[in-house]
Amino acid sequence: MEYGSGGGGGSGSGGDHDASDPSRRKKRYHRHTAHQIQRLEAMFKECPHPDEKQRLQLSRELGLAPRQIKFWFQNRRTQMKTQHERADNCALRAENDKIRCENIAIREALKNVICPSCGGPPVTEDSYFDDQKLRMENAQLKEELDRVSSIAAKYIGRPISQLPPVQPIHISSLDLRMASFDGHGVGVTGPSLDLDLLPGSSSAMPNLPFQPVVFSDMDKSLMTDIAANAMEEMLRLLQTNEPLWIKSTNDGRDVLNLESYERIFPSGNTHFKSPNVRIEASRDSGVVIMNGLALVDMFMDSNKWVELFPTIVSVAKTIEVISSGMLGSHSGSLQLMYEELQVLSPLIPTREFYILRYCQQIEQGLWAIVNVSYDFPQFSSQCQSHRLPSGCLIQDMPNGYSKVTWVEHVEIEDKTPIHRLYRDLIHSGLAFGAERWLATLQRMCERFACLMVSGTSTRDLGGVIPSPDGKRSMMKLAQRMVNNFCTSISTSNSHRWTTLSGLNEVGVRVTVHKSSDPGQPNGVVLSAATTFWLPVTPQNVFNFFKDERTRPQWDVLSNGNAVQEVAHIANGSHPGNCISVLRAFNTSQNNMLILQESSIDSSGSLVVYCPVDLPAINVAMSGEDPSYIPLLPSGFTISPDGHLDQGDGASTSSSAHGNMGRSGGSLITVAFQILVSSLPSAKLNLESVTTVNNLIGTTVQQIKAALNCPSS
């Protein structure tokens, strides 16, 4: 203690007087200079926990006592921790407010419940009588089942319970009877298209191609062994360079040496017996603006996984949690999951996997997550893809970021030929490779970081959005719009596309579903999309769609009217990653605005937009919950065509937009969604199909004309 150091043999009163002397306390207080603070802050960014040697070096350099250095770092760490806790509290408070608003809305909705069949108020009966009625019906059904089973057993010769279970028949959300179509295109006869509609909203649980049964302890033990072996193989793939990985001479990417791989990991025959089996393997690494534990938490939650990768993951569902792992770190967590991976075009079918996802914390601040296919005999016969040990290594960095190393390794059996437009992109490994996963992760983590930043600036918001809450609400609305758009052009099991000819060799693909989500207009929605190639670099195509000055050249619905950006929110470090609110000039619909989000990374880009009326935009800008604002987005996806542009010298750098810059041409998917009718039972007429077919055809022609590309 410092109190008695000057007291020596003095009296107690003298010591007390010294300790309480104001002048003594003032002498002890020391205000650091601007240079000292700047140097300490710089050191804190590099190393928040300096050791004694580093503290001594700083004290000599800055002329401060080592204890002052030590206390400054302690105070700075406490301040940082307080800031993080404050941000977490704000996020939890916002989530609490959202849940409270939803609760109020649900209560209000329950007050106005109507019968869907007659439109009148529901028949209210006492819950006791409802339960009794259900029990009686249950007993009658059970008696009838027993009677039918005994009759069937006499004819079959064995008890009915020994029969194999009947798999449920899954009906797609689309059944287009070809009353006005022939096999080659749109017919001119027939007044309407007969349509059987089932709920096909994006929030509905997906129909899995195979529903696994209850797992025994032996099954779970086998899964644990498979996951442990896969983790060991993946770590070697991530941490070993030559001879396992060699650098590509074309673009500098890591390429798996299959001979070395088979020698190190002898696995016998491939999973598929067909000669059309291909191996896709890729590896990439980069820095991500998110700490390791937050990444692990998102990776191990199937719902957050879809939110993190909306452009890649079409469907994800956790089927069984084999092991929940350690609380707080997920180490040892093992899950059986179903997922579908997509390329944003109706031309490419999704890749379906049943995978084991296993997380292991290697050491403090270092996690590994592995994905490996788990085979079900009932599913394997129809499966065209098998995931070999793949995944990522997540390393915490001192500044709160993470270094992520990603590896993708799959076997693909091409039962049907890949469409000509996408053949090079998919065979190059860029369509589903590690580079696309990592680029998307980096971009989305930048987006989440922008969402959490509480400060606002007039440059970002144009002075229109008044508060940080308004900014977050607008960002959530735009994210839901992008997710809805990606779902609308997915080739998942829940979508069945029908081809209309007439535009090009691809044709326009259409699908119809009944919308019942609170965030979508109620009724029958027609989605239409096509993909075409342009001899223009993806970066230039993105700039063309992003620039509001060129919008009248392609936006058929704007009737050639110019648009003005009235609000702008930055979504990341690249200026192309942003959210805009656009207003059209010289239009009769003064109360209608356009919400648009654009995003770009090395794997491709998106421009998604949606008309939103002025009152709804004001709700979001004021910071209220935007979940119930109806959205029906349209837009464009742009990806490299897989051809390397040799004219500029294939770059080997891992720049943020390497493939976008190196590609010689672009693959563009244009998609529209149209509300055909607000009645859920409406039939789709030929006029609606012809309208959307002409809309897409005109849009494609105008894009080609504006970019000086041949129309054929």
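**Exercise 1. Which residues of H15 meet Ile617, Ala620 and Met621 in H17, and how do the two helices cross?**

Solution. Start with the touching residues: Gly470, Ser473, Met474 and Leu477 in H15 meet Ile617, Ala620 and Met621 in H17 (contact means heavy atoms within 4.5 Å; helices are DSSP runs of H or I, at least four residues, and strands are runs of E, at least two, numbered from the N terminus).

Next, the axes of H15 (residues 468-488) and H17 (residues 614-621) come within 7 Å and cross at roughly 125°. So H15 is oblique to H17. Axes are lines fitted to C-alpha atoms over the stretch in contact, with angles from 0 to 180 degrees between N-to-C directions. Under 35 degrees is roughly parallel, over 145 roughly antiparallel, 65 to 115 roughly perpendicular, and the rest oblique.

A quick note on the model: it's predicted, local features need pLDDT of at least 70, side-chain atom pairs count only at pLDDT 80 or more, and totals for chains, interfaces and linings use all residues. Residues are numbered from 1 along each chain as its sequence is written, and side-chain values use heavy atoms, leaving out hydrogens and water.

**Exercise 2. Is Lys546 buried or exposed, and what is Lys546 in contact with?**

Solution. First, find Lys546 in helix H16 (residues 538-546). Lys546 has 18% relative accessibility, so Lys546 counts as buried (buried is under 20% relative accessible area, exposed over 50%, partly exposed in between, with a 1.4 Å probe and protein chains only).

Then skip the neighbours within four places in sequence: Lys546 still contacts Pro575, Gly576, Cys578, Gln596 and Ser598. Finally, the C-alpha atoms of Lys546 and Asn577 are 10.0 Å apart, though 31 residues separate them along the chain.
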